[in-house]
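Keep the structure open while reading.

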Amino acid sequence: MSGGGDRDVWVLLRAGDGGLSAADKGLLREGRRLADKLGGALAAVIPGGEIVDAETAIGAAGGDSFFPAGGGDHPERCAAVLASLVQRHLPRLFLALADAFGADVMPRLAAAAQLPLVTNCVDIEASEEIIFTKAVQGGRLHAAITAPGGGPGLATLDPHHLPEGDAPSAARRAERCEVASDGEPIDTRLDIVSRVKAAPASVDIGEAEFVVAIGSGVAAKENIATYARFAEAMGAALGGSRPAVDSGALPHARQIGQTGKSLTARLAILCGISGSDYFTAGIQKVGTKIAVNTDRDAPIFKSADLAIVADADELIPRLTERLARRAKEGGA
Amino acid sequence: MKILVCAKTVRYLRAQTGADPRQLNIGPGDLVDMLNPHDDAALEAALRIKDEAPETEISVVSLGGASAEAGLRRALAMGADQACHVFHDDFAALDSWAAANILAAEARTLGFDLILCGQEAIDTNAGLTGPYLAAQLGIPHVSRVIAIAPAPDGGGITAERRLDRGDRETVACAAPLLLAVERDIARARMPSPTAMLAACKRPLERREVAEAPGNRCVTLRLAKPKAKRRAEAQLDRALSAADRARLMMKGGRAAPAPAQNAALKQGCGEDVLDAVERMLIAAGVRVTSP
C-alpha cells in the first residue's frame with residue numbers, strides 16, 4: 001500500500017469574512033474524527049479567498065494541512081479546479097457543507113471527477129467500508145448508503161447535524177500545501193450577474209443573521225417603530241414572541257418559538273420577553289443571546305449570555321443613538 | 001423554444017401509522033404515489049413561459065414504472081404538448097447517476113433548448129439527477145432557481161437563485177441549459193376536469209429501458225432516525241422538584257446556572273451600552289446609519 005492520500009479526509013472550506021464560521025469548525029471536527037478513524041490526515045481545501053492566519057485557525061480546528069486552491073466563487077471554475085486536485089491526490093473522503101455553495105459545487109465535482117456523492121448526510125461511519133447516513137422522505141427515515149469500489153467518496157453534510165462544542169484541544173499548525181496550476185484557462189458558461197444580500201427587514205426570520213425580538217413587555221403598537229429603527233441600524237430582522245404577534249404588533253411570519261420559527265441567528269437581542277419554554281424552544285440555536293427585561297427573575301435570563309435588568313423602551317433608543325453615532329464616525 | 005421538463009412520480013411516505021416498528025411503522029396507505037411537487041413547480045414554470053410565448057413547445061419526460069403514467073396524464077392536462085414515459089419497472093433501485101444516464105439518452109432523442117426539473121425529489125432528497133443530467137449532456141446548469149426570465153433576444157436565460165440566509169444571485173446563461181427549480185418558484189395550476197378527461201385519451205409515448213446503467217451509490221437499508229445524542233441528565237439536587245421535572249422534559253440537558261453563565265447588568269448606563277456594543281461587534285454586526 002502506498003503512503004499516499006488513500007486514507008486522507010478533505011473538507012471544503014469557503015473563506016467567507018476571513019475567518020472560520022461555526023459550521024466550518026463543525027465540518028473540520030467531523031473531518032478530524034473520520035481521519036482518525038481511517039488513520040489518515042485531514043486537509044482543508046479553500047477554493048477562494050484567504051483565511052486570516054490559516055495555519056493557526058485550521059490547525060486549532062483540527063486540520064493537518066490546507067490547499068489554497070483558487071477557483072473563487074464561480075461554481076464551474078471551482079469544480080474544475082477541485083476535480084484536478086482530487087484526481088491528483090485521491091483522498092478517501094471529501095466533505096463539504098450542504099449549504100448554497102457546497103450543494104452547488106459538489107455535484108459538479110462529482111460529475112467532472114466521475115466520483116460517487118451522497119448529499120445531506122447526517123452521519124458517516126468509517127470502517128472497512130464507508131457508510132453514509134442521510135435523511136430521506138423529508139426526514140422520516142434515514143438511508144444507509146455506500147459507494148462500492150473503495151475509491152474517493154464525496155459527501156455534503158447537513159450543517160444541523162455537525163458536532164457542536166469546542167475543537168479538540170491538541171493545538172497544531174496546519175501545513176500550507178501549494179497547488180500547482182496547470183495554467184490552462186477554465187471555460188465557464190454561467191455568467192454571474194449579481195449577488196444581492198438579503199434585506200434584513202424582509203428576510204425570513206429563521207434565516208436572519210441578527211434578530212431583535214420583542215415580547216409582551218414592550219409590544220405596544222406605538223413602540224414598534226422604535227424597535228424597527230434599532231433593528232435597521234444593526235442590520236437585524238425584527239421578530240417577536242407569541243404575545244407580540246397575538247396583539248397584532250407583528251405578523252405571524254415574524255413569530256419565534258414553538259408555534260413560530262426557530263432562529264439560526266448569530267446574535268439575538270430579546271426585549272421584554274419573559275422566556276417561557278414555548279419561546280425558548282425557538283432560540284436554541286442562537287449564538288449570542290442578550291436579554292433585556294425589567295424583571296430580575298425572568299426565566300429568559302437563564303439562557304442569556306448577557307442579562308440586562310432594565311426597561312427596553314428606555315435602553316433601545318439609547319443603543320440606537322449609540323449605533324448611529326458609531327456609523328457616523330465610521331463613515332467619516 | 002423547446003422545453004423539456006423532467007418529472008418523477010415519487011413514492012412519498014406521508015405518515016407512519018403502522019404498528020410494526022420492524023416495518024418502520026409504515027402502514028397501508030402511508031406510501032402515496034404522486035408527482036414530485038418540485039417537478040410540478042418546474043412544469044408550471046415552463047407553462048408560464050409558454051403563456052408568454054405561445055410558440056414554446058413543452059415535453060414532459062418521466063422515468064418510472066406504471067405509476068408514472070398518472071403524473072404524465074396530469075402534466076398533459078395542465079398544458080404540456082407531449083408526454084414521454086421511459087418505462088423501467090425497478091427504477092427505485094437506480095441511483096441519481098443511472099437515472100440521469102437514461103434521461104440523457106431520452107433528452108438527446110427529443111431535443112431541447114431548455115431543461116427544467118425540480119431541485120430534488122421529496123422521497124430520496126438527493127438533488128443530484130438535475131446536475132448529473134446536465135453534466136452528461138454537456139450543458140451548464142443552475143440550481144436552486146426561484147425565478148426565470150428569458151432574455152429578450154431569445155438566446156439566453158437569466159435565472160435568480162437562492163443562496164443562504166435569504167441572499168440571492170442572478171445568473172445569465174445561453175441556451176441550451178438546465179435549471180433545477182425550487183418548489184416555490186410557482187404554484188402549479190389545477191387542471192380542469194375536462195382537461196383531465198381529454199388528457200386520458202391522448203397518447204403517451206412509451207419507451208422501455210433496455211439495459212439499466214450501473215449505480216455508483218447503493219442504498220443498504222432504511223431505518224428510523226436515531227434519537228439525537230443528548231447530554232446525560234444531571235439532576236441537580238439543589239433544584240426544586242418542579243425545576244427537575246422541567247429539566248427532564250427538556251431531554252435531560254443540564255440547566256445552565258444563571259449566576260455563572262450570564263453577566264448581569266442593571267440599568268441603562270454607559271457601561272451597559274458598552275457591553276452590548278462589544279457583543280454586537282464580536283458577533284460581526286455592521287452598523288449603518290438608519
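Is B:E57 buried, partly exposed or exposed? B:E57 is partly exposed, with a relative accessible area of 36%. Bear in mind that this is a predicted model.

**Salt bridges**

Side chains of opposite charge can pair when their charged atoms come close. Over all chains, the count of salt bridges is 36. Three of them are set out below.

| Pair | Closest N to O distance |
|---|---|
| A:R242 and A:D246 | 3.0 Å |
| B:K2 and B:E57 | 4.0 Å |

Start with B:K2 and B:E57, which form a salt bridge. This pair links distant parts of the chain, 55 residues apart. B:K2 sits in strand β1 (residues 2–6) of chain B, and B:E57 in strand β4 (residues 57–64) of chain B. B:K2 is buried, at 18% relative accessible area, because the cut-off for buried is under 20%.

The pair A:R242 and A:D246 is local. Both belong to helix α6 (residues 242–246) of chain A. They are four residues apart, so about one helical turn separates them. A:R242 has a relative accessible area of 48% and is partly exposed.

A:R326 is partly exposed at 35% relative accessibility. B:E277 is buried at 9%.

Salt bridges also form a network. It links A:R14, A:D73, A:D104, A:R108, A:R195, B:R161 and B:E169.

**The sheet**

Now the strands. Six of them make an open sheet with parallel pairing, in the order β12(A)-β11(A)-β13(A)-β14(A)-β15(A)-β13(B). Its edge strands are β12 (237–240) of chain A and β13 (263–266) of chain B, each of which pairs on one side only. From one strand to the next, the twist averages 20°.

Inside this order, strand β14 (residues 288–293) of chain A runs parallel to strand β15 (residues 306–309) of chain A, and four bridges join them. A:V292 stands opposite A:I308 in β15(A).

Helices pack here too. α8(B) touches β13, β14 and β15 of chain A, together with β13 of chain B. The direction of α8(B) makes about 150° with that of β15(A). Helix α5 (residues 224–233) of chain A lies across β11 (210–214), β12 and β13 (267–271) of chain A. Helix α5 of chain A runs at about 165° to β11(A).

Technical notes. Residues numbered from 1 in each chain as written. Chains lettered and ligands numbered in written order. Predicted model: local features only at pLDDT ≥ 70, side-chain atom pairs only at ≥ 80, totals over all residues. Heavy atoms only, no water. Salt bridge = Lys/Arg side-chain N within 4 Å of Asp/Glu carboxyl O. Helix = DSSP H or I, 4+ residues; strand = E, 2+ residues; numbered from the N terminus. Buried < 20%, exposed > 50% of the residue type's maximum accessible area, 1.4 Å probe, protein only. Pairing = 2+ DSSP bridges. Axes fitted to C-alpha atoms, helices over the stretch in contact; angles between N-to-C directions. Contact = heavy atoms within 4.5 Å.
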